[in-house]
Amino acid sequence: MTDPLVEVRDLEKHFYERNTAVDRLLGDDPVSIRAVDGVSFDIHAGETLGLVGESGCGKSTTGETLLRLQEPTGGSIRFDGDDVIDLEGEELRSFRRDAQIVFQDPFSSLDPRRTVGGTVRDPLDVHNVGTRESRQERVRDLLERVGLSADQYDRYPHEFSGGQRQRIGIARALALEPEFVVLDEPTSALDVSVQAQILNLLSDLQDEFDLTYLLISHDLSVIRHICDRVAVMYLGEFVEVGPAEEIFDDPQHPYTQALLESVPRASTDEREREVETLSGDVPSPRRPPSGCRFRTRCPVVIPPSDLTVEQEEYRAIMDVRDRIEDRDLDLTSVWEAVADGPPSPVRSRVRRLVGGGPATEDASRGDSDPYRKEHADAFVAELEDRLLEDSLSPPHDQRLRESFRRLVDGDWEGAAEHLREEYESVCEVVSPALQQDDEHPVACHHSEQPRSVQETVRDAGKTTPSGQRGAGDGPD
Amino acid sequence: MVSDRTWRNLAVELRRSHLAKLGLVLVAFILFVAIFAPVLAPHDPEQTDPGEANLPPLGFSETKTETTSEMVDGEVQIVEEEVQIDATSEHPLGTDYVGRDVLSRVLFGARTSIIVGIVGTALAALFGVTVGLISGYYGGRLDDGLMRAADIMLAFPSLVLAIALVGLWGRQTKKYDDPFQTWGLTPDMPEHVVVPITVILVVALVNWVWFARVARGEALSVRNEEYIKAARATGKRDLELRFAHVKGIPIPYPGGIITEHVLPNSLTPILVLATIQVAAVILLESALSFLGFSGANLSWGLDISQGRDYLSSAWWISTVPGIAIVLAVVGINLVGDWLRDALDPGIDQGEGGV
Amino acid sequence: MSLGRFLVRRTLQGLLVVWGVITVVFFLRLLSPGDPVTFIAPLDASPELKERIAEDLGLNEPIYVQYVEYLGGLLQGDMGYSYQRGLSARSVIWARVPATVELAVAASVVAMVLSIPLGVVAATRRHGPADYGATLFSLVGISTPNFWLGIMLILVMSVQFDLFPTSQRQVGFLESWAHLVRVDFGDPSISFPLRVGSFADSLLTWLQHITLPAITLGTYFTALITRLTRSGMLDELGKEYVTAARAKGLPETLVRYRHALRNTLIPIITVLGLQLGTLIGGAVITEEVFAWPGLGSLLIDAINARDWPLIQASLIVIGVSFVVINIAVDAVYGYLNPQVGYE
Amino acid sequence: MSRDLLRVRDLTTRFFTQEGQVNAVERVSFDVREGEVLGIVGESGSGKSVTALSMVDLVEDPGRIVEGEIHYRNAELAEAAREDTPEAVDGEFVDVRKLPPRHRRALRGPNFATIFQDPASSLNPSLPVGEQIAEAVEVQRRARANPRSTRSRTQSYGLGKFLLGGALPGKGYLTEESKARAVELLDLVGIPDPAERAEALPHEYSGGMLQRAMIAQALAGEPDVLIADEPTTALDVTIQAQILDILRDLQAETGMTILLITHNLGVIARMCDRVGVMYAGEIVERGTLADVFDDPIHPYTRGLLGSIPDVGSAGGRLEPIEGNVPSLLDHEMDDRCYFADRCPKAMEECLEKPPEFDGPGTDEHAAICYLADHEYDPGQALPEDYFEDGAGGETGSTGQAEGVTADD
């Protein structure tokens, strides 16, 4: 294997909110959003690596950070052997000649005030390649090559359709004859029929100029059509990487499986196909879940080995536990519901105004003790009814009620601890990781994990299915 | 630079809206008057003629009872006589209390207003847009700092700050000889055009904040467009010195992303604000000269102020220049609306301040 | 982020701006030609008086010492001394503030009451007579210099029809109260012969006096808000959530007032804050035209008389009051727009 | 087969923009059966969204519904309309277009409900979500409270009430019952902890949750027909699956009829019984799902199906449809099959408009194309660059017509 054209190790990109001068004065510590949190991958010359994931998972940020359009906060990037991160001035500009990008939105990627010819010629002017005439000549060839006609040189972007504008964007990217091109959702904004034209053009260009692509997309069918290898991303981390056929025909990570299952197929038998949809929403990157970040939605989260529980029920219990751990419960409205029926508009309006956010100050502690004792059962019942779709089978229902009882006096920590002893999963304690230089690494405790992860699991006194039954037979 | 679509939008909007047509006509008229005042004016605006004082405009000749006191054989007697004062075609809009021709003064007043309006706004735009673009494009602490400075400037109403500054710097003016005079076309007209320098500087200093805010807003939104990222991806610098060789002479000009991509795409709202600002500046200039802070000798505000004491006897001295201001400012505002509706209906309505 | 935190942030930013205002005003003096003493002392001041002023204000010390002293004085309410009038700047200003406040409030009330409904009607009945009327009125309104409008009102109302007294604010709303409670207002330069008569009588006089100036000052403001309301409403009515509200079957009036108008008012309030400068600027001129004994005319007299300490004090009062009002406007904005703090 | 609920005949909507007249929807006819999911598929610029808006009379300036009838089977409505607008009534069907505007507006909510593509911009950003749903409930409660004839235009809510409502909480438009019902609806569409979430603002919701709230709001009036205009286009694929499941369950439980409009053929396959394919403002092919997907007649449908990369198999090269979507500007559309300039099987005869559907009532698989009744005859084929120099050439047609807003 020749060494890869692009080598990325533990790439990180964190954004900081609320750190203006006034915030610091107010003592607000800046909130860090870990958009890209330590991803590693290689791309070999002539190969197309697909980067797939839902919106907000950090795939576009990865693409832009790779090209230094955004400054990485950690990790290393090597392009053609030399390190990209500390490139400055002239060296950075020459790196840019070899690595280019095509953007998503045809209406925002072209400067409306400049002619099409001017836009494609811009890179050549910046690096003053050849003479003014030779540049114009080159631009005319490029326009023809991407399927437009040379005499559209002096037209403005508003005179072209979405598909034609993407072709102009591609022509601009190829102006400096790069080796590596990042395609950031090149066809997401296009109609299906036009998308096919662009995808064909991209693969023709790859063969003709032996380009290396990093294709970023949320559309799995586009990824499957073009890519040789695929990396699946979730909330800033890679969960699975591998050759396209293996990822699509035999996905290992529960998230990849759910992703593939959710895509509706355009065939007549699609109606009868059983689809097990993922529950819940993507958590906020400001407070990613501990351990495996997919555990809050994972349909096969691993219960402690000594506990016998149905996955359905375990998922419900884990959802309740997440909310208690994050204190994401408005106890005041529960008390109101218990005390006098539906919450009165005035009080809730005032509470929202004074900033009584769900998790911060807890008005219930203000009520006198005997009042709460007497209403404790009603409080527990109301909480149970709100949080659980259908009641749990014993002994779990009892255990949860005990935990809710602790919430009666607002003891968040006690309630969380009570459930943690019994139901804590390895998934929330130990973060799975990708096996280095493995053909098809999977960051999930159901699959073979690197040595370091196995040790942490053992230290935490947990066990994983793969640990017991050896590698790669996937979840039952 | 200006694409044919922009011209087409302007033409389409012009055909559609009558107000736009009215606006263009008014502005064209005011500009024409301001440039050719010496040729158009029937009299020298500064030439006084006590005999012809307080003549009413055409169509308003009136009879007035005048009371004069006379010494008639040793006692003071009040004699009332009916006096017939007729407007003359010599002075179509009448004369002021020292007999100067009101029409000529209004024509020359246009010149001062337009000069202050355009030059003042241009200076404000130059400074404001530069600050706004830099602050919006780079953001962060620089942006915070600049915007706090703008807030401080905004804390003073434009007129208040203007008066204070004029109070400090005095009412300096500069004389430029009138081109028509140097070509000998208008011998009996005043040789010099008196330009109130302090007022122009003050107006620019007071209004640059509106340009900074609009430019910053535009730069903030344009900065995230993908064509800016694409430009950076090709290695283009934000700002770099470029030399354009005009007939062999290298003329330096600022190149790079900010001037070649951010500025052109922020021009429309800046252009619309500029038109509104010219109108606002004309109002401000007339207010300053009304309060006696302008130093320009031929200004609409000054005439209105001088006519205040003769309201009951010669109402037209104050009224006519006022109407001229309203016509000019309405015209310019209509042109501003036309530009906004045609080019970028989405611009918010943050009117410039007076 | 709750409303409370948002207000604290805005107040901090406001204090920063207030400090900026004071600093700018203090150093404005350096822009003037000539040495400070001749600049501050009254024109006819004798050399000894000049010496005393120089020593009194510490003009010989380095500038930053003066600045710190000046700031210290300000904090204790000492806003400088007007040598020309022989009065402390604070008392002179304090006596003038009620007149300006009265005028500004009267003008804003006129503006708000007229312009919001006018703007809404113009937006909802597009291309109808109301729309053209409102557009024309608001266009002429913002294009008319308010001093000329004042003079024309005087010409028409007082000279021709003698409806309203031309000038000299006889009795203020506050004074008519004072008439009842016997409060003395220090500054002799305000002449207000307190006529004995019923409260209603003095109120009527007050109304007579304030109508013309209020209309003069209020016209520009009314025209401006009408234009803002109209375009704001048109903007909101074009948005998708209005179409969705109609798709719910909501009656048009509900869509207009509960949804579109409410969202239109929110940005207008912030622009109002900014435009307050225009109101105070306009007040300066209106007071000059109507000889209204407010802060504005005081400032003009001070500038004409080159009474620098008084100019300095007036600028600071105007600047600081502007910033304080803006914070209040932000509070209303925060209450109305629950999204605040998240943007 | 279940009975027809809706019969749309020759629906035509046009936008009168400065660039000229845009024929967004051109004599569209289709039927909707009770309890079925009818899919309308088409790319941007095909007029599918304008069709949806035209059904609920929400086409705003500069657009106007020029002609067309929408017959809606509703016995009670037919009875009520028989007195003042007899010409609108035909048996149990009422032509909604002929009802006075006020009565047409009254149909939105109890009879027709609509959900839109981008939930974030379909809700008022400064009002809590629960309150906006309660509004929809309140409108229906007040509508039902007084009989149809005396229904007040403003439901007694004018400017005065708005000012009062803002000040005194009790006085507002909403009542306790409508707020409680809103919470129930939120629970019905699977939003966790609905009582508390009802008070949150739209920006505190994720895309998926917002779309659920929109569905809850649509259910407020228990409508006969739910018109879903690209309901999942703005959502990620796992969230899209959740929303499609909710729609399927609701449809199974309430037997509600759904008119689903989307460009995603996968979504159509997953949800719809019958399909209409739209191109350049016309329905060019219609039939059951199996007919249209397994043996499509119209070359456009075949082109569409051919150009989708299939996630199931790593197919070879895609066969795209060449050229661009026509601009729909009246002066640029000559009277021929609008797809001819992009059609691989274009023939001489295609230069005249192919025949309309015969009887739209029938259920069989049909397409507006000569290939429907006879084979492709290469002899008659149009030369390759026939449309190159003509108006329809690739460079000739300008970009998207600016004036057209809601059709893509």
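This is a predicted model: local features need pLDDT of at least 70, side-chain atom pairs count only at pLDDT 80 or more; totals for chains, interfaces and linings use all residues.
Chain A has 476 residues, of which 44% count as buried. Of the contacts in chain A between residues at least 6 apart in sequence, 67% join residues at least 24 apart.

Among the strands of chain A, four form an open sheet in the order β2-β1-β4-β5, with antiparallel pairing. The edge strands of this sheet are β2 (31–43) and β5 (82–83) of chain A, each of which pairs on one side only. Strand β4 of chain A, spanning residues 74–79, runs antiparallel to β5(A) and is joined to β5(A) by two bridges. Within this pairing, Arg78(A) has Asp83(A) of β5(A) as its bridge partner.

Three residues of α16(A), namely Ala415(A), Leu419(A) and Tyr423(A), are buried. These residues lie on the same side of α16(A) because they cover an arc of only 40° around the axis. In general, an α-helix has 3.6 residues a turn, so residues three or four places apart point the same way. Glu413(A) and Glu421(A), on the other side of α16(A), are exposed. The cover over the buried residues of α16(A) includes two helices of chain A, α11 (311–325) and α15 (396–408).

Chain A is also in contact with chain D, through 53 residues of chain A and 49 residues of chain D. On the chain A side, at least two residues each are supplied by α7 (192–209), α8 (220–226), α9 (244–249), α10 (254–262), α12 (331–340) and α13 (345–354). The greatest contribution to this side is that of α7(A), with six residues. By class, the side of chain A that touches chain D divides into 22 nonpolar, 18 polar and 13 charged residues.

A further interface involves chains B and C, with 38 residues of chain B in contact with 45 residues of chain C. The elements that give two or more residues to the chain B side are α5 (140–155), α6 (158–169), α10 (257–290) and α12 (316–343) of chain B. Of these, α12(B) gives the most, with eight residues. The side of chain B that touches chain C consists of 23 nonpolar, eleven polar and four charged residues.

Within chain C, the domain assignment gives domain 1 (3–89) and domain 2 (97–336). Contact between the two involves 20 residues of domain 1 and 18 residues of domain 2 of chain C. The elements that each supply at least two residues of the domain 1 side are α1 (3–28), α2 (36–40) and β1 (81–82) of chain C. The most is given by α1(C), with eleven residues. The side of domain 1 of chain C that touches domain 2 of chain C has 13 nonpolar, five polar and two charged residues.

Notes:
Residues are numbered from 1 along each chain as its sequence is written. Chains are lettered from A and ligands numbered from 1 in the order in which they are written. Two residues are in contact if their C-beta atoms, placed from the backbone, lie within 7 Å. Ala, Val, Leu, Ile, Met, Phe, Trp, Tyr, Cys and Pro count as nonpolar, Asp, Glu, Lys and Arg as charged, and the others, Gly among them, as polar. A residue is buried if 20 or more other C-beta atoms lie within 10 Å of its own, exposed if 12 or fewer, and partly exposed in between; C-beta atoms are placed from the backbone. The arc is that of the directions from the helix axis to the C-beta atoms. Domain bounds come from an automatic or database domain assignment. Two strands pair if DSSP finds at least two bridges between them.
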